Structure formats: C-alpha cells, structure tokens
Amino acid sequence: MAVNTKRVFYVKYVAHQSFIDTLSQRHDVRLDKLENDSPDAVAAPVLDAAHVYQIGSTRDELAAQFHATAALIKRTPNLLIVSTNGAGYDTVNVKDCTAAGVLVLNQAGGNREAVAEHVLGMMLTLSKRIGEADRAMRRGGNFNRTAYMGTDIHGKTIGIVGLGHVGSRVAELCRGLFAMRVLAYDPYLTSEQIGQRGAEKVELDDLLSRADYVSINCPLTEETHGMIGARQYALMQPHAYLITTARGYIHDEKALEQALRDKRIAGAGLDVWTKEPPPSDHPLMAFDNVLASPHTAGVTSEARTNMGRIAAAQIIDALDGKRPPRIVNPDAWPAFAERFEKAMGFAPQGR
C-alpha cells in the first residue's frame, strides 16, 4: 500500500537550516531528529519508518551505530535513500547500500568554492611561510626575518589528484590568478576531459615528481585509501608542499611525519585527519611547517547554505519520482526503483 507521509530523519545536525526550512514546506514530509545517544526506545520507531536518512559525512562526529552499514539497513526496512550532508560519504558503506537497493546521494559541488579557496589559502600561507613566522614571533626572542624567506607561487606547477568539482576549481584559480602549470591525476577522466578543465593528464608518480604543490582532492574509496604513503612522499621534490582537503586515510600520517623529519618535502597543509579533530599532541602538530585546520575547508556560511539547499532539493526530487543528479551508486537504481514503486505506489522516472 502506498504511503502518504514520507519519513526523513537525521542524527545530531544537518548542514544548514535551509535543509529543514525547505523540507518543512512539504506537508507530505515528516522530519525526525535523533541524537548520537538516543535510546533505542526513541530511535527504533524512527528507523523502522524512515524512507530517507540525511547522514552526517564526518566519521568521528557520528556514533558508529548510525553509520549507514548493513547493520543499520537491517533496522531500517523501508529505507530508500541515504543522503550525505557533504560531498564525502565516509559514514556510508556504499556496497551495503547498493546490495539493499538503497540509493546514496551526496552534495558534490556545493562547497567547491569554499574548499578551493582553502587550498589556495594553504598554498599561500605555506609558500610565504606565514605560519612559521607567526609561531616564531609568538615565541619571542631575537627574530631574523630573512630566516623565513618564502617563495612566489606565480608560474609554479601544481599537481591535482582528483579533478572533480573542487579539483577543477583549484585548477581554474591557480591557472588564472598565478599562471601556474596544472597537472592532474584522475583515472576516471580522459585526456580530453582533463584538458577541457584546464589541466594536463599525467600518472600519479609523474605528478608527484614534477609538482611544486600537490593538492589532494579525491574522495576516500577503497582505491584511494593509503594512496599517498612513504613511496609517494619520496617521489616529491624537496621544495614541494602537500596540501589535502579531501579525507583522512588517503595520506599516511606516519609516513608524512617521517618525510618531514627527513626534509624530503618542504611542508604540508592538512585539513583532514585519521582522527578528527586530531589530538593537540599529534606528532604532525609539532612541525612549524605544517599548517593544520580541523576539516573546516568546506565550512563557510555560503557552502553550508548550498549543501543544505542541494540536499533538500535532491530528496524532494527523489521522493517525487525524479532521478536526482548526484547519485554515488547508480548501479543501485534498478533495485531502488522497484522498492520505490512498492513503497510510494508509482514508478520513478527511468523505471
């Protein structure tokens, strides 16, 4: 029997109030909020009825029992859609969702400007050694300003790993503002597609050995987990900087620590970590040439508004039977469409 009320829930927070405001305009949608510590008596009825789960995309902010895995799917028999708050989907087991006919959506592109600007901010701060000079001034004592001589980024080479929404915007800014040469490693794009985005397609090893700046902008997947380790740091030039605003676990933190100790690279800008936020005594925090931020590259008022708006629009489209534009697991569509028709009483577009 078709349902009249579509049930959506989230845990702890959503990207922005715009998400709640948009969904509240639909009288056929009910939105429920749970907390990380919601007792089962409160959570179970919500999970049992849910058609959509708007999920946080940061691992350590979301209790493990609310990660979208087979265990949660077993508790949500009516679940049709898992929608992330951001572009990443670390809290979602995509294989489990696909096997269950659950569509996974993300908000890719909603924070592209914010993250790209963060990359450039880190590049400039590292190149001009602003962070190092700031720490030295705060420590006091004699100060030799020539000891913190920086370098210009104009005309240098940036290597971008992952030329999607953020990576392509980084390429555009670097090329336009600083006349930089842009190399890109993205196995899912052809040379022509990469050329259209203003970059030159290269293999990862070639990128690492030629770039003055390496920017990691790819998602965390089985393929990219641990992709940047000791061997990759060894390929980089001694004057080169690593910057990552992607996800923890893509770069090996222990190997990076050693590479910095051995002065194999000039420094790093890290917005993402294995544990977030990292502890204050994290070994990488001890380096003056490491610029640290707590996964805040995409945390701007504009980006959060975009994320909330896009997430709500995608959910409404999907519940109305339209195919949303940002599907992480398109292979799930046939099974999802069949389950959707049984639940809603009509077939989605493309059924």
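Trainee: In which loop does leucine 189 lie, and between which strand and which helix?

Mentor: This is a predicted model, in which local features need pLDDT of at least 70, side-chain atom pairs count only at pLDDT 80 or more, and totals for chains, interfaces and linings use all residues. Residues are numbered from 1 along each chain as its sequence is written, and side-chain values use heavy atoms, with hydrogens and water left out.

Leucine 189 lies in the loop that runs between strand S7 (181–185) and helix H8 (191–196). Helices (H or I, at least four residues) and strands (E, at least two) are DSSP runs, numbered from the N terminus. Although leucine 189 is in a loop, it is buried, with a relative accessible area of 12%. Buried means under 20% relative accessible area, exposed means over 50%, and partly exposed is in between (1.4 Å probe, protein chains only). Leaving aside neighbours within four places in sequence, leucine 189 is in contact with Leu163, Ile194, Arg197 and Lys201; contact means heavy atoms within 4.5 Å. Isoleucine 130 is 59 residues from leucine 189 in sequence, and their C-alpha atoms are 36 Å apart in space.

Alanine 179 is partly exposed, at 45% relative accessible area. It has a positive phi of about 50° although it is not a glycine. Most residues other than glycine have a negative phi, and most peptide bonds are trans. Arginine 129 is another such case, with phi near 55°. Its place is the loop between helix H5 (112–127) and helix H6 (130–139), where it is partly exposed with a relative accessible area of 23%. As for the peptide bonds, a cis one joins glutamate 276 and proline 277, with omega of about -10°. Proline 277 is found in the loop between strand S11 (267–270) and strand S12 (290–292).

The side chain of asparagine 217 makes a polar contact (3.2 Å) with the side chain of threonine 245. A polar contact is a pair of N or O atoms within 3.5 Å; within protein, one must be able to donate a hydrogen and the other to accept it, and residues adjacent in sequence count only if both atoms are side-chain atoms. Not counting residues up to four places away in sequence, the residues that asparagine 217 touches include Val119, Ile160, Val166 and Ala246.

Now to the sheet. Five strands form an open sheet in the order S2-S1-S3-S4-S5, with parallel pairing; two strands pair if DSSP finds at least two bridges between them. The edges are strand S2 (29–34) and strand S5 (103–105), each of which pairs on one side only. Strand S1 (residues 6–11) and S2 share six bridges in the parallel sense, and valine 8 has leucine 31 as its bridge partner in S2. S3 and S4 are joined by four bridges, also in the parallel sense, with valine 52 opposite isoleucine 81 in S4. In a regular strand the side chains alternate between the two faces of the sheet. S4 is covered on both faces: Ile81 and Ser83 on one side and Val82 and Thr84 on the other are all buried.

Helix H12 (residues 301–319) lies across S1, S2, S3, strand S4 (81–84) and S5, at about 165° to S3. Axes are lines fitted to C-alpha atoms, for helices over the stretch in contact, and angles run from 0 to 180 degrees between N-to-C directions. Just after H12, glycine 321 has a positive phi of about 90°.

Helix H13 (residues 333–344) follows in the chain. Its buried residues are Trp333, Phe336, Ala337, Phe340, Ala343 and Met344. They are on the same side of H13 because they cover an arc of only 130° around the axis, where the arc is that of the directions from the helix axis to the C-beta atoms. An α-helix has 3.6 residues a turn, so residues three or four places apart point the same way. The buried residues of H13 pack against S1, S4, S5 and H12, while the face turned away from them carries the exposed Pro334 and Lys342.
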